[in-house]
Amino acid sequence: MSLAKLPLIFVAAVGFHISVTAPDAAERDRVVIPSAIERLLTPFSVLVPRFLKGTIWLVTAAETAVILTRYIPPHHISPGIADVLGKLGTPDASKLTTISVLGSLMVVMSSYIRWKCYRTLGRFFTYELSIRDDHKLITSGPYSVVRHPSYTGLAISFAGACLTYGAPGSWLRESGILGLPFVSGVAKIWTALMVIVVACLAVRIPHEDKLMAQSIGKEWEEWAQRVKYRLIPGIY
């Protein structure tokens, strides 16, 4: 176990936080497009990101505390805190592995992709599927590579977080804390929410493409001819 893991899990937490925090503009000059999938997503568009971010930061704080116990003299830690830290696992429960490094890099990359999408779309970026009164088709930046780069970034962020915090060698896996019913339940809910969000976005993509084609018309069709792939260049 190494102190080198501290910056990795910290940048992963920051990157994940950025990835699931949308700069949803406050303007109301937009028409939200009703559909079954939108009615499902909208009520959870605030609660789910908060839950996902909150759990990531809690895990990061717990793993940081466990790592630092190796470097803090025992007599500097009160018995009560030492007891709590002991229940969180020994310092050896947190390992720096190739997988954890890869996961952190994936989350950082995804946060950059999402941030570029936020900056490129500006006030047109919203969690809700909507059309502005003066809606414009944005074809620059990441939108010159694939049609839905923000979804690509979010999927990479989820995958990276799983590798960083849940793969073999991670504190969650090695400490045994997943054996606690409450922690196990939260982990299962977290994983289920990720799967649901990705599935909903996959269903939303063709609907979003159809909406943009109807609203923008020929300009969208020409862009779609140039940018043929929705999420992954050369694949999909």
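These are my notebook entries on a predicted model.

**Conventions.** I number residues from 1 along each chain as its sequence is written, and I leave hydrogens and water out, using heavy atoms for side-chain values. Because the model is predicted, I require pLDDT of at least 70 for local features and 80 or more for side-chain atom pairs, while totals for chains, interfaces and linings use all residues.

**Overall fold.** I looked up the secondary structure and found 9 helices and 2 strands. Both are DSSP runs numbered from the N terminus: helices are H or I with at least four residues, strands are E with at least two. Along the sequence I read the pattern α-β-α-α-α-α-β-α-α-α-α.

**Burial and surface.** I noted that 43% of the 236 residues in the chain are buried. Buried means under 20% relative accessible area, exposed over 50%, and partly exposed in between (1.4 Å probe, protein chains only). The accessible surface of the chain is about 12500 Å², and carbon and sulfur atoms hold 68% of that; the areas come from the Shrake-Rupley method with a 1.4 Å probe, and for residues only the protein chains shown count as cover.

**Contacts.** Taking contacts (heavy atoms within 4.5 Å) with a separation of 6 or more, I found that 84% join residues 24 or more positions apart.

**T152.** I located T152 in helix α6, residues 149–166. T152 counts as buried because its relative accessibility is 16%. Leaving aside residues up to four places away in sequence, T152 touches V146 and L231.

**Helix α9.** In α9 (residues 218–226) I found W220, W223 and A224 buried. These buried residues line one face of the helix, because seen down the axis they fall within an arc of 100 degrees, taken from the directions from the helix axis to the C-beta atoms. On the other side, K218, Q225 and R226 are exposed. The cover over the buried residues of α9 includes α8 (181–216).

**Cysteines.** I searched the whole structure for disulfides (cysteine sulfur atoms paired within 2.5 Å) and found 0. C162 is partly exposed at 33% relative accessibility, whereas C200 is buried at 6%.

**Second largest pocket.** I recorded a volume of about 520 Å³, the space filled by probe spheres set on grid points joined across faces, edges and corners. A pocket is an open set of points on a 1 Å grid over the protein atoms alone, where a 1.4 Å probe fits, with protein on both sides within 12 Å along at least five of seven lines; lining residues have an atom within 4 Å of a point. Of the 21 lining residues, T55, V59, L172, V186 and A187 are the closest to the centre. The helix giving the most to this lining is α8, with 6 residues.
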